[in-house]
Each structure stands twice: as C-alpha cells, then as structure tokens.
Amino acid sequence: ALLVSAMAFAQKKELKEIEKQIRKGDLVTAESGLNAIKGNIDGTEFAPQFYFLEAQMNIESAKKNVKVLPSLQAATAAFAKVRQLEGGKGKYSNQLQNLANEAINIAVTQAQDNYKNQKLKNAAIAFEQVYRLSPRDTVFLYNAAAVSVESKDYDNAIKLYKELKDLGYDGAETLYIATNKQTKKDETFPDKNQRDLMVKAGTHENAKEEKMPSKRAD
C-alpha cells in the first residue's frame, strides 16, 4: 500500500511538472517527461490527465511547426483516449473542446496549404485529422478519400470510402450563394438565414441556391 501510494505521489508530481513545462514552451522536456512515465500510467487515476497533457503538448508542437502532421495525429489519438477513459464526461473531457478547436484550425490550414502545393498525401492526412477531431464534419473525411484517390493512394482511399459508406454518408447538400457587391464574386454561406441577412444588409445581391448531387456513387 505504501509503495502504491508513493508511486501515485510521484506520478502526480511529474505530471504537474510536465504541465509547467508545456506552459513555459519547453516542449522537448515535456515530451521526454511524458515518454518516461507512459508505460506506467494506464490503469491509474492520472491517465486522463496524462493523455490530456499529451494532446496539449502535441498541439503546441504543431503550432510551432514542429512535425505538424505527426503532432496532429498524436493529439487526435490522445483526445480519443481522454474521452474513452472519462466516458466523454469528466474534468479533462470538458476541457478538450478549446484544444480541439485549435487543432482543427491547424489541420484545415495544413490541408489547404498541402493541397495547393500538390503535397496530396499530406493533404489527405490533414483532411482526415479534421474529421477525427470533429466527427460531425464528415465532408472532411470525404475530402481525405478523394485526395487519396488523386494521389493514387488507393488503399487509404478504399479504407476511407468504406468508412463513409458505413456512416451512411451521402454528401448531397444545398449551397446558399450571393454575390459580394464590392468584390463582384460569389460567396457561399453556411445556411439560408445568414445569406439572406447579408443580402438584406445590402452587402450582397443575386441570392441563389445550388443543389449538390449525392456522392454515394463515388
């Protein structure tokens, strides 16, 4: 009992120190500390905190352009672990959304930049991470599959398309569009209300809607 108590105290102290290192931006030391205790953390009361800090450390690394895609993938895996351990409700699960928003913004930028520069495999990885971080946004999983086809990574494309099929993904949608009076370019809005508000405000004109076909055939 004394041994278990001593180990728990040591882990608590180490995690507190790692938290300080992340706040200070000393990510190399923080990563080293996490790796040192990783093998002994599962099954303990400190496991949710450990994986939360692992997610935090990896997101900070991605923000500093250090191994951006691997860091995002590691953060995504750590998010899933926290939710699994706390059943989606708990001290650390409740703090995940702000971290997830940061990670999503990085992943979206990475996906767009890599696709623009024709680094298609990296773009597919980034698109997939957006979906893993925000599962309601299934269009990003579809983008990852489509870009995988474009990069001839057919094994990955099949895996992702099968996942979309199992989810019942359809992809059919209505686009709400209006022309920006200043730029003379069409802009798409998240929904009809937002589009109509901009038209009513006088900044946009020529409101229209476009029906996007189902992607089930893909």
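This is a predicted model: local features need pLDDT of at least 70, side-chain atom pairs count only at pLDDT 80 or more; totals for chains, interfaces and linings use all residues.
Q: Which geometry, stacked or edge-to-face, describes the ring pair of F50 and Y51?
A: A pair of aromatic rings is described by the distance of the centres and the angle of the planes. The whole structure holds five aromatic pairs. For F50 and Y51 the centres are 5.0 Å apart and the planes stand at 90 degrees, and because planes over 60 degrees apart count as edge-to-face, this pair is edge-to-face.

Q: Which residue has its charged end over the ring of Y142?
A: Y142 is one of the buried residues of α7, and ring pairs link Y142 with Y161 and Y169 into a cluster. A charged end also sits over the ring of Y142, at 5.4 Å from the ring centre, and the residue that supplies this charged end is K215.

Q: Against which helices do the buried residues of α4 pack?
A: The buried residues of α4 include V68, L72, A75, F79 and V82. An α-helix has 3.6 residues a turn, so residues three or four places apart point the same way. The helices against which the buried residues of α4 pack are α3 (47–63), α5 (96–116) and α6 (120–133).

Q: Which residues have the most contacts inside the largest nonpolar core?
A: This core has 51 residues, and the elements that give two or more residues to it are α1 (2–24), α2 (27–41), α3, α4, α5, α6, α7 (138–150) and α8 (154–167). The largest share, nine residues, comes from α3. F79, leaving aside its neighbours within four places in sequence, is in contact with A55, I59, L96, L99, A100, A103 and L133, and the residues with the most contacts inside the core are L15, I18, L72 and F79.

Q: What relative accessibility does K152 have, such that it counts as exposed?
A: K152 lies in the loop between α7 and α8, where its phi is near 65 degrees, a positive value in a residue other than glycine. Because exposed means over 50% relative accessible area, K152 falls in that class, with a relative accessibility of 61%.

Q: Which backbone oxygen does the side chain of N114 reach?
A: N114 has its place in helix α5 and is buried, with a relative accessible area of 9%. Leaving aside its neighbours within four places in sequence, N114 is in contact with K119, N122 and A123. The side chain of N114 reaches a backbone oxygen at 2.8 Å, and this oxygen belongs to Q110.

Methods:
Residues are numbered from 1 along each chain as its sequence is written. Side-chain values use heavy atoms; hydrogens and water are left out. Buried means under 20% relative accessible area, exposed over 50%, partly exposed in between (1.4 Å probe, protein chains only). Helices (H or I, at least four residues) and strands (E, at least two) are DSSP runs, numbered from the N terminus. Contact means heavy atoms within 4.5 Å. A nonpolar core is a set of buried Ala, Val, Leu, Ile, Met, Phe, Trp, Tyr and Cys residues joined through side-chain atoms within 4.5 Å. Rings of Phe, Tyr and Trp (its six-membered ring) pair if their centres lie within 6.5 Å; planes under 30 degrees apart count as stacked, over 60 as edge-to-face and the rest as tilted. A charge sits over a ring if NZ of Lys or CZ of Arg is within 6 Å of the ring centre and within 35 degrees of the ring normal. A polar contact is a pair of N or O atoms within 3.5 Å; within protein, one must be able to donate a hydrogen and the other to accept it, and residues adjacent in sequence count only if both atoms are side-chain atoms.
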